[in-house]
Amino acid sequence: MRKLVTSMLAGIGLTLACGTSVYAQEKSLTIFWAEWDPANYLQELGNEYEKETGVKITVETTPWSDFQTKAFTEFNAHGDAYDLVVGDSQWLGAGSTGGHYVDLTDFFKKHDLGNVMAPATVKYYAEYPGNSGKYWAIPLEGDAVGWSYRKDWFEDPKEKEAFKAKYGYDLDVPKDFKALRDIAEFFHRPDQKRYGIAIYTDNSYDAMAMGFENALFSYGGELGDYTTYKVDGHINSDKAVAALDAYKELYKFTPPGWAKSFFVEDNQAITENLAAMSMNFFAFFPSLINEASNPNAKNTGFFANPPGPNGDQFAALGGQGISVISYSKKQDEAMKFLEWFIKDETQKKWAALGGYTCSQAVLKSPEFQNATPYNKAFYETMFKVKDFWAVPEYAELLQQLNQRIYPYMIGGSGTAKETLDALAGDWNATFKKYGRVQ
Amino acid sequence: MATTMITTLDRSSRAAARGLSDISIRNLFIIPTVLFLIVFNIFPLIYSLGYSFTDFRASTNAPANFVGLQNYRDLLNDPYVWSNFAITAKYVIVSVVGQLLVGFGVAMLLNRDIPLKGLITTLLLLPMMLSMAVVGLFWKLLYDPSWGVINYALGLGNFEWLADPKMALYAVALTDIWMWSPFVMLLSLAGLSAVPKHLYEAAAIDRAGPFYTFFRITLPLVAPILMIAVIFRTMEAFKTFDLAYILTSQPTAELISIRLYKMAFQEWQTGRSCAMAYIVLIMVLAITNIYVKYLNKVKER
């Protein structure tokens with residue numbers, strides 16, 4: 001018995017000794033992100049950093065569905081498990097006012113990042129509150145919603161002929177939302193197990209909102225006024241109502257059971273020959289040009305979100321900035337990493353690895369734009385994106401949007417006008433609750 | 001009948017030789033458990049009761065303000081919360097009644113001498129041993145209208161189990177019935193095999209019909225144990241989260257626990273979600289109490 005206790009104690013001591021010696025020898029940083037391909041690219045970039053400086057970078061990931069929950073649980077507990085986080089753009093409000101993020105305004109100004117990075121990424125990934133000149137993150141992964149389509153279906157001469165006969169214009173990449181709808185209707189053939197279009201409908205986080213925003217912004221509508229928080233007359237304007245109807249119209253031409261779809265399902269629509277066109281974040285397009293993950297890789301094309309009836313063309317913003325967590329004990333080390341990260345050659349490497357850089361210089365370079373079939377559409381999109389509310393209570397606003405729009409979209413209850421009027425009421429009440437409007 | 005509850009320590013045992021008394025051994029076993037309960041159950045329970053009267057949000061540094069019964073008032077006036085409760089009630093009734101019928105039925109079938117009875121029983125128990133999340137993911141594939149096995153086997157074409165607002169809740173309940181009927185079956189089997197054989201023999205001599213035998217002998221004798229199964233399953237069904245969360249996002253299938261999760265961990269309305277948790281707790285306690293009263297009555301018979 002005594003022998004056992006002694007050996008156990010010795011074992012514990014040894015483990016502790018090893019553990020502390022590792023800490024003493026090596027410098028390391030932990031970055032928290034969601035589990036997807038860009039996180040692997042970031043890990044590869046981190047390995048380069050380790051080669052140069054000897055500081056070990058570990059990118060820790062968790063599935064998208066509990067990314068927000070896990071990150072904020074750690075923040076709320078003031079934990080130092082992560083030194084940096086690549087957080088969603090909507091988190092800026094909660095991250096900054098909650099004291100979870102380190103203020104990067106000085107860093108931003110010192111390196112003139114406002115001009116180095118694409119303007120939309122600075123506005124939506126870094127600044128909070130809007131137009132305040134205070135920055136909390138460095139734009140890391142640019143992202144927006146775009147479209148993929150089946151080139152072989154679009155280019156089939158028989159299809160082209162039939163389309164022209166039916167709609168009176170040529171079948172091509174949709175030039176506006178009306179064409180998007182017509183093409184979706186044209187290819188919707190349930191008897192052949194082929195369907196028109198794949199869109200986002202999942203209401204558990206922001207999928208549905210992103211999909212709807214694509215229509216809303218291109219129709220010239222707005223969620224509300226980002227400075228005064230006035231929503232009545234914006235989210236329920238005639239343009240917004242028309243946009244919601246247009247998005248609901250697309251739902252008619254989706255594959256069966258399309259009521260909880262997000263990026264996985266929308267990529268499956270292309271890989272499994274289900275749909276002619278599919279909405280998705282650019283970040284998920286690399287797997288569509290990879291023949292190992294998409295048997296139709298050669299026949300997959302890409303286009304930017306089309307304009308609405310009045311010629312406005314916008315897209316919903318995804319993507320993330322990287323922030324330093326204020327509870328980290330290695331903030332100096334983290335700042336050094338950021339200084340390395342924003343260098344032009346690092347940004348080039350980042351783009352080459354598959355990351356979506358936000359650096360203007362790299363985005364505008366021909367080698368970036370020609371590197372993949374979708375980079376050009378990405379470049380075009382990144383200069384005309386808009387985002388959801390970034391206030392700390394954004395999750396409540398999101399939930400209210402899901403609660404109102406989903407039953408209308410999927411269940412078909414009420415009208416678009418009623419739905420958006422009710423949503424305006426909900427949002428107004430929420431803004432009132434947090435003292436943003438009188 | 002034994003009169004003392006505590007077995008005294010054998011004087012020749014090793015524990016006694018080391019000088020441990022009955023009381024110190026009792027304390028050694030009980031105190032850690034009690035401490036554990038206080039730290040991890042009772043303390044958070046009371047602490048969250050305090051939060052339920054504030055507008056506290058765990059995601060910000062803003063101090064919590066006392067708002068009295070505001071959270072409870074708002075929640076009980078929220079039509080969405082009421083619809084969540086109605087959905088949960090419907091789900092609990094459908095799923096528990098379904099499990100009871102299937103589970104008890106299968107137990108009746110198995111309660112006789114058939115070859116490979118042990119093997120069949122074990123195989124039937126398998127669904128219960130899987131993780132809820134895994135079952136949810138599997139059934140999502142089974143229900144899929146494009147490549148799901150269920151529509152293929154039943155020849156339902158493109159029937160949308162989970163995308164149809166009216167069907168989604170029943171689809172989740174069906175999965176729950178599949179998963180947990182074996183539990184009811186297991187308890188029923190135990191109850192059925194405990195019914196004395198001579199009662200059936202006596203009934204046969206009196207020429208009682210099968211229905212009479214079932215309703216007058218089998219059911220009353222198995223009822224107490226069935227009631228226990230019902231209590232367990234009702235409590236579990238009331239708390240269902242993973243299965244429904246994975247299978248569908250239909251608002252018509254949004255159970256109260258899903259709403260609670262969203263409120264607490266997506267919106268970070270900590271104060272309000274504590275109030276909601278208390279409302280749910282009180283409801284579960286009330287329902288369980290009614291059952292337990294009924295169970296005692298059944299036992300007295």
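## Contacts around B:N65

Two residues are taken to be in contact if their C-beta atoms, placed from the backbone, lie within 7 Å. By that criterion, and not counting residues up to four places away in sequence, B:N65 touches B:T54 and B:D55 in this predicted model. B:D55 is ten residues from B:N65 along the chain, and the C-alpha atoms of the pair are separated by 5.6 Å.

B:N65 is found in the loop between α2 (22-51) and α3 (70-77) of chain B. The residue has 11 C-beta neighbours inside 10 Å; because 12 or fewer such neighbours define an exposed position, B:N65 counts as exposed.

## Overall build of chain B

Chain B contains 13 helices and zero strands.

Along its principal axes, the C-alpha trace of chain B spans about 75 × 75 × 35 Å. Of the 301 residues in this chain, 30% count as buried. Among the contacts in chain B between residues at least 6 apart in sequence, 72% join residues at least 24 apart.

## Domains of chain B

Chain B is divided into domain 1, covering residues 23-69, and domain 2, covering residues 79-300. The C-alpha centres of these two domains lie 31 Å apart. Their contact takes eleven residues from domain 1 of chain B and eight residues from domain 2 of chain B. On the side of domain 1 that touches domain 2, the residues divide into five nonpolar, four polar and two charged.

## Annotated regions of chain B

An unreviewed UniProt entry places the feature "domain: ABC transmembrane type-1" at residues 85-291 of chain B. In the model, this span is 78% helix and 0% strand, and its end C-alpha atoms lie 19 Å apart.

The UniProt annotation "transmembrane region", also from an unreviewed entry, covers residues 28-47, 91-110, 122-142, 167-192, 213-232 and 275-292 of chain B. Over residues 28-47 of chain B, the chain is 100% helix and 0% strand, with the end C-alpha atoms 28 Å apart. Over residues 167-192 of chain B, the chain is 96% helix and 0% strand, and the end C-alpha atoms are 35 Å apart.

## The largest nonpolar core

The largest nonpolar core has 190 residues. The residues with the most contacts inside this core are A:I31, A:L84, A:A137, A:I197, A:A243, A:A275 and B:V172. The largest share of the core, twelve residues, comes from helix α8 (residues 168-193) of chain B.

Leaving aside its neighbours within four places in sequence, B:V172 is in contact with B:Y91, B:L243, B:A244, B:L247, B:T248 and B:A253.

## The interface between chains A and B

In the interface, 28 residues of chain A are in contact with 22 residues of chain B. The elements that give two or more residues to the chain A side are α3 (67-76), α4 (92-97) and α19 (394-411) of chain A. The largest share of that side, eight residues, comes from α19(A). By class, the side of chain A that touches chain B has 13 nonpolar, twelve polar and three charged residues.

## Local backbone features

A cis peptide bond joins A:Y128 and A:P129, with omega about -10°. A:P129 lies in the loop between α7 (119-125) and β4 (138-141) of chain A.

Phi of A:Y229 is near 65°, a positive value in a residue other than glycine. A:Y229 is placed in the loop between α11 (207-218) and α12 (238-251) of chain A, and it is partly exposed, with 17 other C-beta atoms within 10 Å. Phi of B:R207, likewise a residue other than glycine, is near 60°. B:R207 is placed in the loop between α9 (197-205) and α10 (210-239) of chain B. With 7 other C-beta atoms within 10 Å, B:R207 is exposed.

How values were computed: Residues numbered from 1 in each chain as written. Chains lettered and ligands numbered in written order. Predicted model: local features only at pLDDT ≥ 70, side-chain atom pairs only at ≥ 80, totals over all residues. Helix = DSSP H or I, 4+ residues; strand = E, 2+ residues; numbered from the N terminus. Nonpolar A, V, L, I, M, F, W, Y, C, P; charged D, E, K, R; others polar. Buried ≥ 20, exposed ≤ 12 C-beta atoms within 10 Å, placed from the backbone. UniProt positions renumbered as here; feature names shortened; annotations may be inferred. Core = buried A, V, L, I, M, F, W, Y, C linked by C-beta atoms within 7 Å. Domains from an automatic or database assignment.
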